[in-house]
Amino acid sequence: YPIEITIKGGLGVSAVITNTGTADLTNVDWSIELDGKLIFVGKTKSDTIASLAAGASVTVKDFVVGFGKTGIAVEAGGTSVTGSGTVLLFFVIGVS
């Protein structure tokens, strides 16, 4: 799939999934995984985007509770990106 993914922090972790192609996509599976040792809630979340029009974006979110550094892996429609950040209770900061 022609998909671009941008990981963001804030209240939880989110990912902006953009259809960079010229055709509408349907049933795009996505997942967010955090590998930090002290992630108590929200280590993994996955779902399916029913429809993503050409050029459109959708934001998916994962509510998290935890502490410390974590790796963040996001996959959507066969495209995957990784990043890292620091979890402070409900917030994910310093995402890069």
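These legends accompany a set of close-up views of one predicted protein model.

Residues are numbered from 1 along each chain as its sequence is written, and side-chain values use heavy atoms, with hydrogens and water left out. Because this is a predicted model, local features need pLDDT of at least 70 and side-chain atom pairs count only at pLDDT 80 or more, while totals for chains, interfaces and linings use all residues.

Figure 1. Let us start with the overall picture. Helices (H or I, at least four residues) and strands (E, at least two) are DSSP runs, numbered from the N terminus. Along the principal axes, the C-alpha atoms fill a box of roughly 40 × 20 × 20 Å.

**Figure 2. Surface, burial and charge across the protein.** Of the 96 residues, 42% count as buried; here buried means under 20% relative accessible area, exposed over 50%, and partly exposed in between (1.4 Å probe, protein chains only). The accessible surface comes to about 5,100 Å², and 57% of this surface belongs to carbon and sulfur atoms. These areas come from the Shrake-Rupley method with a 1.4 Å probe, and for residues only the protein chains shown count as cover. There are 6 positive and 8 negative side chains, and the centres of the two sets lie 13 Å apart. Lys and Arg count as positive and Asp and Glu as negative, whereas His and the chain ends are not counted. The place of a charge is taken as NZ of Lys, CZ of Arg, CG of Asp or CD of Glu.

**Figure 3. The largest nonpolar core has 21 residues.** Ile17, Ile32, Leu34 and Ile72 have the most contacts inside this core. The elements giving two or more residues to the core are strands S1 (3-8), S3 (13-19), S4, S6 (44-52) and S8 (65-76). Strand S4 supplies the largest share, five residues. A nonpolar core is a set of buried Ala, Val, Leu, Ile, Met, Phe, Trp, Tyr and Cys residues joined through side-chain atoms within 4.5 Å. Look next at Ile17: leaving aside neighbours within four places in sequence, its contacts include Ile3, Ile5, Trp30, Ile49, Leu52 and Val58. Contact means heavy atoms within 4.5 Å.

**Figure 4. Two residues of strand S4, Leu25 and Asn27.** Strand S4 covers residues 25-34. Leu25 counts as buried, at 8% relative accessibility. Beyond its neighbours within four places in sequence, Leu25 is in contact with Tyr1, Ile3, Asn19, Ala50, Ser51 and Leu52. Leu25 and Ala50 are 25 residues apart in sequence and 8.3 Å apart in space, C-alpha to C-alpha. Asn27, by contrast, is exposed, with a relative accessible area of 54%. Asn27 also has a positive phi of about 50° although it is not a glycine. Most residues other than glycine have a negative phi.

**Figure 5. Gly71 in strand S8 and Asp47 in strand S6.** Contacts of Gly71, leaving aside neighbours within four places in sequence, are Glu33, Leu34, Asp35, Gly83 and Ser84. Asp47 is partly exposed, with a relative accessible area of 47%. Not counting residues up to four places away in sequence, Asp47 touches Val28, Asp29 and Trp30.

**Figure 6. Towards the end of the chain, with Leu89 and Phe91.** Leu89 is found in strand S9 (residues 79-89) and counts as partly exposed at 41% relative accessibility. Although not a glycine, Leu89 has a positive phi of about 55°. Phe91 belongs to strand S10 (residues 91-93) and is partly exposed, with a relative accessible area of 44%. Phe91 touches Gly10, Leu11, Gly12 and Thr86, not counting residues up to four places away in sequence. The C-alpha atoms of Phe91 and Ala54 are separated by 31 Å.
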